[in-house]
Amino acid sequence: QVQLVESGGGLVQPGGSQRLSCVASGSIYRINTMGWYRRAPGKERELVAVVTSDGNTNYADSVKGRFTVSRDNAKNTVYLQMNSLKPEDTDVYFCYAEIKRLYWSPTTAYWGQGTQVTVSS
């Protein structure tokens, strides 16, 4: 069993900051890409930011310069530091990880349960 558990969502004012965390637990041999997606009701899930196991990152154009994705491989944890938040950043944010459970296992995508981020005054 593998679980991704997010924390850090909530209400924040426009211009404020918030940090999301996601811990992967369970039977894990290796984690490749980790990161964050988001999905507002009625919309498709979209990439926010991801980071590979060797530190390469990719961001949505809408968050470049404001959000920073990072990871702690020793703790199987990925973070999303969100600064200069805007009302349009309001969404449910999902943690994502590509995990190899055993050395002979295929790499499988896992998702967290989602955490609500609301940017409003």
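Start by selecting Y103: its relative accessibility is 57%, so Y103 counts as exposed (exposed is over 50% relative accessible area, buried under 20%, partly exposed in between, with a 1.4 Å probe and protein chains only). You're in a predicted model, where local features need pLDDT of at least 70, side-chain atom pairs count only at pLDDT 80 or more, and totals for chains, interfaces and linings use all residues. Numbering runs from 1 along each chain as its sequence is written, and side-chain values use heavy atoms, leaving out hydrogens and water.

Y103 sits in the loop between β9 (91-100) and β10 (107-111); strands here are DSSP runs of E, at least two residues, numbered from the N terminus.

Next, pick R38. At 5% relative accessibility, R38 counts as buried. Show E46 too: R38 forms a salt bridge with E46, with the closest N and O atoms 2.8 Å apart (the rule is a Lys or Arg side-chain nitrogen within 4 Å of an Asp or Glu carboxyl oxygen). E46 counts as partly exposed, at 36%.

Last stop: K64 and D61, whose side chains meet in a salt bridge at 3.1 Å, N to O. D61 counts as exposed, at 65% relative accessibility.

Note on methods: Helices (H or I, at least four residues) and strands (E, at least two) are DSSP runs, numbered from the N terminus.
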